[in-house]
Amino acid sequence: MKISKIQVQKKNKQRYSIFIDNQFAFGIDEAILIKFAIRKGLAVDQELIRKILEAEFHYRFYQKTLNYLSYGLKSEQEVRDYLDKMIKESQSEKMEERQDFSKELESSNCKTPLVNPGKQQRNVDYASFDISESLIDQIIDKLKEQNLINDLIYGQAYVRTQANINRKGPRNISYELKMKGLNDLLIEEALMEYPENLQRENLKMLADKFIKSKKRLSLAMQKTKLYQHLNQKGYDRTIIQTFLDNYKMEGDPELQEDLLDKEGQKIFRKRSKKHEGYELKQRLIVDLRQKGFEYQDIQNWLEDNESVMNMKGENE
């Protein structure tokens, strides 16, 4: 058998229809054409055809992976997971190659193929092509050689994005990178893109935004909630505490007085149903302290409202 004609396909100029003994045989990508030095007059047998088609089959996985990478940087683990998913899908669709054969035939505008799909399936068992873990390794190695996969570059870019756009703390970023398959050494090096001065800037921005939504809380409660918020964002406790020690939260005195009065009245209505006198006063102090109000402010409020609450018989 000899290759009698090589024809560029109309719908895809990077693909070629191969004719053997004047009959359409199969379609391949330009890269496979070059790899096997396919030319007119080349003698072929079933074994060579099988190698060519297997290489073409594998090349499709590589091309799909390139398309996947075109949407943005990916870690090696993400690419492996993507390839693994594709391979499993391919294994569950054993008829896919027979359908592709029909499409190649249609694209070639030839009604008399070298072999019909049924015979082609018998001569070349597409299901037997290597689509194992070794294929994934081959594609990964090739992408690494082309520097299309580089976990350090990926990690550094990921850190910069999460730090500058999402304001995440190093702890959360580190966890996310580990989930993406990066090892501890790479993560540590990548996090060098996130210096402490940038962390402090982010803490300031996060704190200012958070406090604006918590004005209805006491200053002490605002600070407690703020610490929890920054900790959840993934910042180290030491840098949070150092930041808060120097962070000024200026509350409106009149607003704070109104908040104390509102909470005090609310707690009084609840506690006065079961308590009175000295015990009621102590309950109010404890509850208001838990709300973050200062002890002296609570004492002043109790004095201002003692007659209204009719707390008689206190025994201090």
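Modeller: Let us begin with exposure: a residue is buried under 20% relative accessible area, exposed over 50%, and partly exposed in between. Please bear in mind throughout that this is a predicted model.

Biologist: Why does K233 count as partly exposed?

Modeller: K233 has a relative accessibility of 26%. Buried requires a value under 20% and exposed a value over 50%, so K233 falls in between and counts as partly exposed. K233 is located in the loop between α11 and α12.

Biologist: Which residues does K233 touch, leaving aside those up to four places away in sequence?

Modeller: K233 touches N166, K168, G169, N172 and L206. For L206, the separation along the chain is 27 residues, while the C-alpha atoms of K233 and L206 are 9.3 Å apart.

Biologist: Why is E76 called buried?

Modeller: The relative accessible area of E76 is 17%. Buried means under 20%, and E76 is therefore buried. This residue belongs to helix α3, which spans residues 76–91. Beyond residues up to four places away in sequence, E76 touches I140, K144, I149 and D151.

Biologist: What makes N246 exposed?

Modeller: The relative accessible area of N246 is 63%. Exposed means over 50%, so N246 is exposed. N246 is part of helix α12, residues 237–246.

Biologist: Which backbone oxygen lies 2.8 Å from a polar atom of the N246 side chain?

Modeller: That oxygen belongs to T242, and its distance from a polar atom of the side chain of N246 is 2.8 Å. The distance limit for a polar contact is 3.5 Å, and the 2.8 Å between T242 and N246 is within that limit.

Biologist: What is noted about phi in D21?

Modeller: Phi of D21 is near 50°, which is a positive value in a residue other than glycine. D21 is placed in the loop between β2 (15–20) and β3 (23–29). With a relative accessible area of 41%, D21 is partly exposed, because this value lies between 20% and 50%.

Biologist: What is noted about R167, which is not a glycine?

Modeller: R167 also carries a positive phi, of about 60°. R167 sits in the loop between α7 and α8. Its relative accessibility is 23%, so R167 counts as partly exposed.

Biologist: How do helices α7 and α8 pass each other?

Modeller: α7 passes α8 in a right-handed crossing. The axes of α7 (residues 151–164) and α8 (residues 170–179) cross at roughly 140° and come within 11 Å. The contact is made by Y154, G155, Y158, V159, Q162 and A163 of α7 with I173, E176 and L177 of α8. These residues divide into six nonpolar, two polar and one charged; G155 is in this contact, and Gly counts as polar.

Biologist: At what angle do α11 and α12 pack?

Modeller: Their angle is about 145°, and their axes are 10 Å apart. The crossing of α11 and α12 is right-handed. From α11, K223, L226, Y227, L230 and N231 meet R237, I240, Q241, F243 and L244 of α12. This contact of α11 with α12 has six nonpolar, two polar and two charged residues.

Biologist: How many helices and strands does the chain have?

Modeller: The chain has 15 helices and three strands. Of its 316 residues, 41% are buried, that is, under 20% relative accessible area. Among contacts between residues at least 6 apart in sequence, 60% join residues at least 24 apart.

Notes. Residues are numbered from 1 along each chain as its sequence is written. This is a predicted model: local features need pLDDT of at least 70, side-chain atom pairs count only at pLDDT 80 or more; totals for chains, interfaces and linings use all residues. Side-chain values use heavy atoms; hydrogens and water are left out. Helices (H or I, at least four residues) and strands (E, at least two) are DSSP runs, numbered from the N terminus. Buried means under 20% relative accessible area, exposed over 50%, partly exposed in between (1.4 Å probe, protein chains only). A polar contact is a pair of N or O atoms within 3.5 Å; within protein, one must be able to donate a hydrogen and the other to accept it, and residues adjacent in sequence count only if both atoms are side-chain atoms. Contact means heavy atoms within 4.5 Å. Axes are lines fitted to C-alpha atoms, for helices over the stretch in contact, and angles run from 0 to 180 degrees between N-to-C directions. A crossing is left-handed if the near helix is turned anticlockwise from the far one by less than a right angle, and right-handed if clockwise.
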